[in-house]
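Here is a short report on one protein chain. Keep the sequence and the 3D view open while reading.

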Amino acid sequence: MNLIDAHNVSFGHGRQKVLQGVSLSISPGEIVTIVGPNGSGKSTLLRVLIGALTPQMGKVTQRGGLRIGYVPQKLHIDPTLPITVRRFLNLPLAVDQTQADEALRTAGVSGVADKQMSQLSGGQFQRVLLARAILGKPDLLMLDEATQGLDQPGSAAFYRQIEAVRRDIGCAVLMISHELHVVMSASDRVICLNGHVCCEGTPDVVSAAPAYRELFGSGTGGALALYRHDHDHAHDHDHHEAAE
């Protein structure tokens with residue numbers, strides 16, 4: 001059974017339609033990425049899928065008892081507020097030390113529990129948000145432009161971490177991203193959104209689709225190949241380090 005099914009969903013503000021007739025499904029264990037230009041309704045769709053917004057037409061169905069972990073686009077913490085990573089993970093509900101340690105390890109930031117949130121680098125901060133999202137062992141992990149503000153190597157490393165999280169806890173992943181050069185290789189399926197679903201399929205199918213090229217140009221195919229090269233090289237490097 002699918003984790004989420006959306007059927008013919010429409011949503012808008014006044015006369016302005018943000019989403020029009022969007023249908024999609026998320027299956028257990030898959031990584032799905034939604035791409036689209038600014039203003040295409042990506043974040044709105046995410047909020048509709050988790051139930052924060054009610055569609056004006058259509059229907060969203062979640063599997064019974066579905067556990068969702070959510071990584072926001074950004075989270076502002078006052079730099080003068082003294083709060084350690086460990087205390088942050090206790091918000092809003094306290095978690096035991098073993099849970100906290102396991103979540104930080106899975107997110108790739110084992111050594112930061114005693115650091116102040118304000119002392120973290122951008123990449124560490126996003127991984128702590130990721131750790132918090134996976135504390136409850138979600139069935140579905142949702143990320144809304146979670147690498148915004150990171151440089152390209154930082155983004156690529158973060159997406160590799162997402163693949164590791166999926167492998168470790170077996171969750172499905174639904175990501176929104178504007179970073180076509182890194183996101184495509186990390187996805188099982190890509191949905192191209194521009195108020196409606198323009199095209200969807202495997203990364204290779206979508207990057208070759210006329211609707212996708214009309215929105216993003218044909219240069220992204222080369223970027224995809226370049227990322228795959230970088231990704232494979234980093235993967236080999238990780239294996240080499242592990243062997244040592």
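## Around V9

V9 touches L19, Q20, G21, V22, V48, P55, M57, G58, K59 and V60, leaving aside residues up to four places away in sequence. Contact here means heavy atoms within 4.5 Å. V9 is found in strand β1, residues 4-13. Is V9 buried or exposed? V9 counts as buried, because its relative accessibility is 0%. Buried means under 20% relative accessible area, exposed over 50%, and partly exposed in between, with a 1.4 Å probe and protein chains only.

One of the contacts of V9 is M57. V9 and M57 are 48 residues apart in sequence, yet 5.5 Å apart in space, C-alpha to C-alpha.

## Basis of the model

This is a predicted model: local features need pLDDT of at least 70, side-chain atom pairs count only at pLDDT 80 or more, and totals for chains, interfaces and linings use all residues. Residues are numbered from 1 along each chain as its sequence is written, and side-chain values use heavy atoms, with hydrogens and water left out.

## The chain overall

The protein chain has 9 helices and 9 strands. Helices (H or I, at least four residues) and strands (E, at least two) are DSSP runs, numbered from the N terminus. The chain has 244 residues, and buried residues make up 45% of them.

Take the contacts in the chain with a separation of 6 or more: residues 24 or more positions apart account for 69% of these. The chain exposes about 11800 Å², and carbon and sulfur atoms supply 51% of that area. Accessible areas come from the Shrake-Rupley method with a 1.4 Å probe; for residues, only the protein chains shown count as cover.

## The open sheet

How many strands form the open sheet? There are 6, in the order β5-β6-β7-β3-β8-β9, with mixed pairing. Two strands pair if DSSP finds at least two bridges between them. β5 (68-71) and β9 (197-201) stand at the edges with a single partner strand each, so one side of each has no neighbour in the sheet. Neighbouring strands of this sheet are turned by 15° against each other on average, direction ignored. Axes are lines fitted to C-alpha atoms, for helices over the stretch in contact, and angles run from 0 to 180 degrees between N-to-C directions.

Strands β6 (residues 140-144) and β7 (residues 172-176) pair in the parallel sense, over 5 bridges. D144 has I176 in β7 as its bridge partner. Helix α1 (residues 42-50) packs on the sheet. It touches β3 (31-35), β5, β6, β7 and β8 (189-193), and its direction makes about 150° with that of β6. Helix α4 (residues 122-134) lies across β5 and β6, running at about 165° to β5.

## A nonpolar patch

I50, I68 and Y70 make a nonpolar surface patch of about 210 Å². Patches are made of residues with over 30% relative accessible area and no salt bridge: like charges are joined within 9 Å, nonpolar side chains (Val, Leu, Ile, Met, Phe, Trp, Tyr) within 5 Å. Y70 lies in strand β5. Y70 counts as partly exposed, at 34% relative accessibility.

## Salt bridges

A salt bridge is a side-chain nitrogen of Lys or Arg within 4 Å of a carboxyl oxygen of Asp or Glu. By this rule the count comes to 6.

R189 forms a salt bridge with E30, with the closest N and O atoms 2.7 Å apart. R189 lies in strand β8 and E30 in the loop between β2 (16-26) and β3, so the pair ties together parts that are 159 residues apart in sequence. Both ends count as buried: R189 at 17% relative accessibility, E30 at 13%. E200 also forms a salt bridge with R189, the closest N and O atoms being 2.8 Å apart. This pair links strand β9, which holds E200, to strand β8, which holds R189, 11 residues apart. E200 is partly exposed, with a relative accessible area of 38%. Shared partners join E30, R189 and E200 into one network of salt bridges.

K137 forms a salt bridge with E102, with the closest N and O atoms 3.4 Å apart. K137 lies in the loop between α4 and β6 and E102 in helix α3 (residues 97-106), so this pair ties together parts 35 residues apart in sequence. K137 is partly exposed at 36%, and E102 is partly exposed at 33%.
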